[in-house]
Amino acid sequence: MDNPGWHAHRRAQKEDDAYNREYRHSAYHLPVEDVAPMDERFIGGFSRDLAPSPRPPALPPKDYPHPVPHDDVLAYPQPSQSTISTSQLAGMSAVERSQVLRVARMEPHLQFMCGPLLKYDTIDEHGIWHGAALIVTADSGSFYEPHFPMLTYSWDPEAPVPSHQRQATMDTVSQTSSQLSSGLNGNGSPIAPSRPSGLGPIHTATSYELGPHPADPHSTVLPSSPTMGTFGFGNRPIPNTTRSANGYGYRDEDGLSNNLCSERAYGQELWVYGGQGGTFTFWRFLIKVPLAQHEMKITYSINNGQNMDFWVPGRMQNMRWAAHSCNGFSAGVNPDDFRGPGFKSGYDPVWMDLLSKHSEAPFHALVGGGDQLYCDALMREPEMQEWVSISKPEDKKNFPLSVNMELAIDRFFFNHYCQAFRTGAFARANSTIPMVNMCDDHECPHLILMMQIDGFGSYPDDLQRAPVFRQIGARGYFFFLLFQCFINIDVDGLHDAPGKHVYQSVIIGEPGPYVRFPSHSFLPRFGPKVYMLLLDCRAERKKDQVCSPGEYQRVFDRLNNLPGGVEHVIVQLGIPIAYPRMVFLETALESKFNPLVALGRNGSMGLSGFVNKFNAEAELLDDLNDHWTARSHKRERNWLIEQLQNFALVKRIRVTFISGDVHCAAVGVLKTLKQKNKPEVSPKEDFRYMVNIVTSAIVNTPPPNGVIALVSSLATKVHKTLHSIETDEIMVPIFKKEPTGQSRKQKFIMGRRNWCRVDWDENSGELIFDIRVEREKGYGITTGYPMHVPPPGW
């Protein structure tokens with residue numbers, strides 16, 4: 001359950017009360033966030049505070065993350081980079097010293113508000129990788145002549161094949177290697193053996209330093225890991241080039257490589273935000289890379305500034321990728337409670353773990369499964385206080401939307417996105433791993449689109465059509481498309497036919513009932529054997545509908561036209577589709593006789609936090625209504641599962657779900673119902689066998705222990721709702737041990753922060769979903785719980 005617990009709710013309520021008292025007694029009210037332009041030294045990831053003049057960095061701090069006691073032997077990770085000492089600099093010529101210490105400056109100069117951000121679109125039938133980059137610049141501090149901002153990107157198709165070796169530290173739970181060499185657990189579900197991995201060199205740096213990076217102009221560290229320039233240019237500027245003989249890319253004239261290719265992409269003006277601080281332009285750069293036989297590092301820069309890089313797969317390679325969700329803290333949660341030794345913020349520890357794995361074997365895509373941004377603080381904007389303070393739901397529904405409220409909503413979204421997407425370890429990730437994002441309810445306070453108000457789309461129809469609520473949802477979805485998908489429908493249009501839209505993977509559905517935008521689903525190619533469907537379950541959502549028939553029709557039309565040879569389709573759903581039910585709680589909270597709801601509406605006994613501030617229904621009811629297993633969505637859920645089973649059978653493609661939202665890790669399975677006196681169908685031969693990987697949250701707090709215990713107790717309950725289509729559903733007891741090695745009672749649900757590493761096994765054709773669970777709160781270092789998903793065998 002997406003619920004931080006009673007204490008967090010109580011703390012949030014006290015903070016709101018204190019804010020409201022201060023607001024009423026103060027004549028001068030400031031916005032929640034007011035973001036200033038970025039220092040050029042911090043673009044792409046943060047270094048420590050340094051003087052403006054170039055100089056060698058200080059020695060790394062000594063407060064490295066402490067080892068966590070467990071069965072494996074963990075040594076302190078040692079830095080794999082070597083710094084250039086003062087004595088070495090003194091022995092160089094003046095020209096050499098200048099070359100080493102020189103800070104690459106953008107020319108013409110740009111003043112960044114956010115970015116660069118990277119997006120992955122797809123790989124076309126010609127083996128061309130398609131993606132994009134986005135930056136936001138302050139017009140008053142930027143120069144757009146003699147040309148618009150320019151992104152230069154380079155690659156070497158003949159570079160030596162990189163060998164990404166993970167360290168020998170065993171970081172998966174020991175039970176998975178000792179169990180079932182056959183690859184199946186007691187329930188017939190595949191479980192992976194342990195595989196070696198380790199702590200990447202990024203874990204040697206504190207979160208406010210984040211290790212050496214090409215975007216840190218004061219870094220004089222010699223690169224030695226995939227994310228730090230082992231291959232290609234390192235920190236050298238992208239060379240002067242000329243068009244190659246084959247007409248694609250450029251050929252190097254500086255002698256660095258005879259096969260070096262380079263392209264230039266000029267920024268497209270995507271949108272302009274105007275606020276009290278001036279105007280700010282969103283620039284989109286379209287990137288196309290012809291893939292080689294092996295994976296390659298792509299080095300890029302904006303206006304010839306600092307070099308950064310990302311990785312693309314080989315032409316016939318299935319991608320390595322990482323999945324995450326819930327990248328923020330709920331109201332009332334203290335981020336410092338999750339900040340371990342050496343970290344500046346509680347946001348960074350688990351992201352640092354993901355970056356360390358990226359340094360071992362770079363990810364080709366970063367899948368955001370929802371709630372990449374938490375926007376609950378919108379309710380504290382000064383212009384929103386009159387509406388927020390209204391206690392009667394009817395008065396709140398009828399409250400008129402003022403121009404000042406419209407401006408405040410846009411101001412909040414702009415500032416909040418800029419601040420969150422340019423800060424800390426997440427900024428390092430989104431500028432070096434191309435993103436593929438879908439929204440949820442914390443993004444669009446109306447839509448769950450990372451929605452600023454939890455549960456958007458699951459409140460009653462009349463409330464969601466109220467002027468203020470509808471504007472919040474519409475602008476939340478607009479900014480989701482802009483910052484996370486690099487889309488502006490006024491520029492890109494609403495036609496997704498081949499050649500009609502800038503992104504080939506987009507599937508545009510029906511207009512939403514509340515947000516005034518059509519849904520935007522995506523179907524990117526993750527390799528010759530793998531595709532991913534990111535289904536937009538927010539734009540068209542209503543209390544009794546997740547997606548419209550029109551959206552489903554367009555999605556299945558696209559799925560049925562997938563090329564031959566595809567074996568896996570991963571369906572990304574923000575909310576799990578195979579997960580324990582809360583029907584009894586849903587019934588209790590909906591009851592007009594529930595005494596807790598009545599007391600909450602009256603504010604008695606300190607239970608005002610038990611009901612939400614929008615329509616005085618039980619606070620958790622919108623969460624329950626959001627779930628696929630809620631009564632209002634059960635029929636649609638069952639229909640979708642049956643349609644995907646038919647698709648899997650006819651197309652001979654394994655369907656797997658990946659979800660987030662619930663702040664827990666879990667694995668659910670749909671499979672063919674065992675018939676009496678007949679053997680059970682093996683997973684590989686079962687077209688109904690669909691695994692639901694649940695990975696949540698990478699930042700937010702887990703639910704209280706009582707909620708975890710409750711959900712775990714429901715995990716073994718038998719559900720017959722799908723028996724009519726010969727389908728059973730179970731939860732997999734994958735968490736038999738704690739990340740630190742001790743046995744645990746609750747084997748189905750893991751209430752710790754986590755993310756998921758995904759790879760394709762070329763020997764077996766299996767997809768390996770390795771759920772990475774934080775070992776100790778605030779330390780970031782994780783243990784893996786792998787789950788193998790077999791290819792189709794029917």
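Student: What makes Phe 526 count as in contact with Tyr 120 and Trp 321?

Tutor: This is a predicted model, and contact here takes heavy atoms within 4.5 Å. Leaving out neighbours within four places in sequence, Phe 526 is in contact with Tyr 120, Gln 317, Asn 318, Met 319, Trp 321, Ala 365, Val 367, Val 436, Tyr 531 and Met 532. Phe 526 is also one of the residues with the most contacts inside the largest nonpolar core, which has 137 residues.

Student: Which helix gives the most to this core?

Tutor: Helix α11, residues 467-485, with 12 residues. Apart from that core lies another, of 33 residues, including Trp 628 and Leu 640.

Student: Why is Leu 291 called buried?

Tutor: Buried means under 20% relative accessible area. Leu 291 comes out at 9%, so it counts as buried. Leu 291 sits in the loop between β10 (278-290) and β11 (296-302). Among the residues it touches beyond four places in sequence are Ile 123, Trp 129, Val 312 and Pro 313.

Student: How do you know that α13 is roughly parallel to α17?

Tutor: Look at the angle: the axes of α13 (residues 549-559) and α17 (residues 634-651) cross at roughly 15 degrees, coming within 12 Å. Angles under 35 degrees count as roughly parallel, so α13 is roughly parallel to α17. The crossing is right-handed.

Student: Which residues of α13 make the contact, and what classes does the contact hold?

Tutor: From α13 it's Tyr 552, Phe 556 and Leu 559, facing α17 residues that include Glu 636, Trp 639 and Gln 643. By class, the contact has 7 nonpolar, 1 polar and 1 charged residues.

Terms used: Residues numbered from 1 in each chain as written. Predicted model: local features only at pLDDT ≥ 70, side-chain atom pairs only at ≥ 80, totals over all residues. Heavy atoms only, no water. Core = buried A, V, L, I, M, F, W, Y, C linked by side-chain atoms within 4.5 Å. Buried < 20%, exposed > 50% of the residue type's maximum accessible area, 1.4 Å probe, protein only. Helix = DSSP H or I, 4+ residues; strand = E, 2+ residues; numbered from the N terminus. Axes fitted to C-alpha atoms, helices over the stretch in contact; angles between N-to-C directions. Parallel < 35°, antiparallel > 145°, perpendicular 65-115°, else oblique. Left-handed = near helix turned anticlockwise from the far one by under 90°. Nonpolar A, V, L, I, M, F, W, Y, C, P; charged D, E, K, R; others polar.
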